[in-house]
Amino acid sequence: MAANSGGGSLGLAKDLNPVWLAQSRFRRRKFDECIELCTSILDRNPYDQAVWYLKCRALTMKNWIDDTEIEEEGIADALLDENQTAQVARPGTSLNRPMTGAQGSGG
């Protein structure tokens, strides 16, 4: 037991199935480690479709951009915009000419 305690996870990783270890790294969101493991597995067996799939998923998740994080203006900001145009015009501020009975009286 004393010889195993100094090795850390390296001694444990040698005893495990490398595909299972890559899947474990993927589930823990350690995508770089998962990609490295998959690459080493594919060097030995380039036709392993499960490992290709796992590597592609890890590459995709590593470079994933969540669209909701990018959006600066939220739904509440759009609905509660302070610069919104009023639904009804204020009296006396209409852009139409006022209807008056004194047209053309110059004097």
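## N-terminal end of helix H5

Asp-48 caps helix H5 at its N-terminal end, with a side-chain oxygen 3.3 Å from the backbone nitrogen of Ala-50. The model described here is predicted.

Helix H5 covers residues 49–62, which is 14 residues.

## Faces of helix H5

Four residues of H5 are buried: Val-51, Leu-54, Lys-55 and Ala-58. Viewed down the helix axis, these buried residues fall within an arc of 100°, and therefore they line one face of H5. An α-helix has 3.6 residues a turn, so residues three or four places apart point the same way.

The cover over the buried residues of H5 includes helix H3 (18–27) and helix H4 (31–44). Gln-49 and Tyr-53, on the other side of H5, are exposed.

## Arg-25 in helix H3

Arg-25 belongs to helix H3. Is this arginine, Arg-25, buried or exposed? Its relative accessible area is 13%, and because the cut-off for a buried residue is under 20%, Arg-25 counts as buried.

Leaving aside residues up to four places away in sequence, Arg-25 is in contact with Lys-30, Glu-33, Cys-34 and Leu-37.

## Arg-29 in the loop between H3 and H4

Arg-29 sits in the loop that lies between H3 and H4. The phi angle of Arg-29 is near 65°, a positive value in a residue that is not glycine. Most residues other than glycine have a negative phi.

Arg-29 has a relative accessibility of 56%. Exposed means over 50%, so Arg-29 falls in the exposed class.

## The chain as a whole

The protein chain has 7 helices and 0 strands. Read from the N terminus, its elements follow the order α-α-α-α-α-α-α.

Of the 107 residues in the protein chain, 14% are buried. The chain exposes about 9700 Å², and carbon and sulfur atoms supply 54% of that area. Among contacts with a separation of 6 or more, 41% are between residues 24 or more positions apart.

Note on methods. Residues numbered from 1 in each chain as written. Predicted model: local features only at pLDDT ≥ 70, side-chain atom pairs only at ≥ 80, totals over all residues. Heavy atoms only, no water. Helix = DSSP H or I, 4+ residues; strand = E, 2+ residues; numbered from the N terminus. Expected span 1.5 Å × (residues − 1). Buried < 20%, exposed > 50% of the residue type's maximum accessible area, 1.4 Å probe, protein only. Arc of directions from axis to C-beta. Contact = heavy atoms within 4.5 Å. Polar contact = N/O pair within 3.5 Å; in protein donor to acceptor, adjacent residues only side chain to side chain. Areas by Shrake-Rupley, 256 points an atom, 1.4 Å probe, with all protein chains shown as cover.
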